[in-house]
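Me: Could you walk me through this structure? I would like to ask about the helices and then about the ligands.

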Amino acid sequence: MEKLLANQVALITGASSGIGYGVAKALANAGAAVALNYHSHAEPDEQLAAEIEQAGGSAFAIQADVSDPAQVDKLFAACRARFGGIDIVVANAGLQKDAAIADMTLDDWQFVLSTNLTGQFLTCQAAVREFRRRGPSTVSKALGKIICMSSVHEVIPWAGHVNYAASKGGIQMMMKSLAQEVAPEGIRVNSIAPGAIRTPINKDAWDSQAALDKLLQLIPYGRVGDVDDIGKAAVWLASDESDYVVGTTLFVDGGMTLYPGFADNG
Ligand code: NAI
Ligand code: BGC
């Protein structure tokens, strides 16, 4: 059977760990050639690219800081040079720098906003330019597909993380406004909003039994998510199977946005 993303090219930012790494693997398993962006650690992506190529796929690793416009341009140019064009862009890179409001420095605020929100803006902008440059696709119904990695915190307020929650709230309206702007030319823009997924970003929330028990109180489905859960959603959202899905946030959160604290309260 033909793979869902056969002959397509995907670029994934922040692919050296966690969700980006898992999404890159899933897209490659679905048949896509993948460009794996990393910020500072080359080894995981170089290793993954080698594994994908050994298994008969196509992949390469490339360094870029998504908050720097010149580096984002370099990233897209490298992908174009290697694969000729791009069909799928996953704007995933993101980070936390948590602090209570009175202690949050301007640097803490700007660091998170410039990576999470400006970084996704620059990535989306470059993606739209690239889809237009390449022109109609022979491998997908859409001219191109963009997936923004948002979070349940695009809707759930998060004390002690106002920079992070503001960045994800910003992604929600950036994604929808962009989707409205470019849908008429066949570009599909959507978000995935993960709940708690076991990655380095939230290690403190799951790596001791006490923390895990506390976290599970927020997840009606009763388990912490795996990067695989997000990888599968990304494959579907990047494929023609979701061709009529435009400007939507797909929550993949085990029910975290059902506000389980209200189950027997309120
Ligand atoms: P992670 O820390 O494992 O991965 C983040 C990746 O982004 C790393 O590879 C890092 O190098 C990269 N990155 C950071 N700044 C960068 C920059 N300036 N340029 C390029 N790459 C950069 O964390 P995780 O969990 O995989 O996070 C990935 C995305 O998923 C983030 O946008 C995060 O906000 C989002 N997310 C994660 C959730 C979770 O529970 N793990 C839940 C909801 C959203
Ligand atoms: C955060 C994680 C957190 C999850 C659920 C994500 O956006 O990056 O640290 O565990 O949301 O609260």
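Reply: Helix 1 and helix 2 are roughly parallel to each other, where roughly parallel means an angle under 35 degrees, roughly antiparallel one over 145, roughly perpendicular 65 to 115, and oblique the rest. This is a predicted model, in which local features need pLDDT of at least 70, side-chain atom pairs count only at pLDDT 80 or more, and totals for chains, interfaces and linings use all residues. Residues are numbered from 1 along each chain as its sequence is written, chains are lettered from A and ligands numbered from 1 in the order in which they are written, and side-chain values use heavy atoms, with hydrogens and water left out.

Me: At what angle do the axes of helix 1 and helix 2 cross?
Reply: They cross at roughly 15° and come within 11 Å, helix 2 being residues 43–54; axes are lines fitted to C-alpha atoms, for helices over the stretch in contact, and angles run from 0 to 180 degrees between N-to-C directions. The helices themselves (H or I, at least four residues) are DSSP runs numbered from the N terminus, as are strands (E, at least two).

Me: And how does helix 1 pack with helix 7?
Reply: Helix 1 and helix 7, which covers residues 227–238, pack at an angle of about 50° with their axes 8 Å apart. That makes helix 1 oblique to helix 7.

Me: What about helix 4 and helix 5?
Reply: Helix 4 (residues 106–134) and helix 5 (residues 162–182) have axes 8 Å apart and pack at about 15°. Helix 4 is therefore roughly parallel to helix 5.

Me: Switching to the ligands, which residues are closest to ligand 1?
Reply: Ligand 1 is surrounded by 28 residues, and the closest are S17, I19, N92, Y164 and T199; a residue counts as near if one of its heavy atoms lies within 4 Å. Helix 1 (18–29) and helix 5 each supply at least two residues of that shell.

Me: Which polar atoms face ligand 1 there?
Reply: A polar side-chain atom of S17 lies 2.8 Å from an oxygen atom of ligand 1, and a backbone N or O atom of N92 is also 2.8 Å from an oxygen atom of the ligand. A polar backbone atom of V66 is 3.0 Å from a nitrogen atom of ligand 1. The protein covers 91% of the 820 Å² of accessible area that ligand 1 has on its own, as computed by the Shrake-Rupley method with a 1.4 Å probe.

Me: How does the shell around ligand 1 divide by class?
Reply: It has twelve nonpolar, 14 polar and two charged residues.

Me: And which residues are around ligand 2?
Reply: Around ligand 2 are Q96, S151, H153, W158, Y164, G195, A196, I201, N202 and M256, and these divide into five nonpolar, five polar and no charged. Polar side-chain atoms lie 2.6 Å from an oxygen atom of ligand 2 in the case of S151, 2.7 Å in the case of H153 and 3.2 Å in the case of N202. Taken alone, ligand 2 exposes 310 Å², and the protein buries 90% of that.

Methods. A polar contact is a pair of N or O atoms within 3.5 Å; within protein, one must be able to donate a hydrogen and the other to accept it, and residues adjacent in sequence count only if both atoms are side-chain atoms. Ala, Val, Leu, Ile, Met, Phe, Trp, Tyr, Cys and Pro count as nonpolar, Asp, Glu, Lys and Arg as charged, and the others, Gly among them, as polar.
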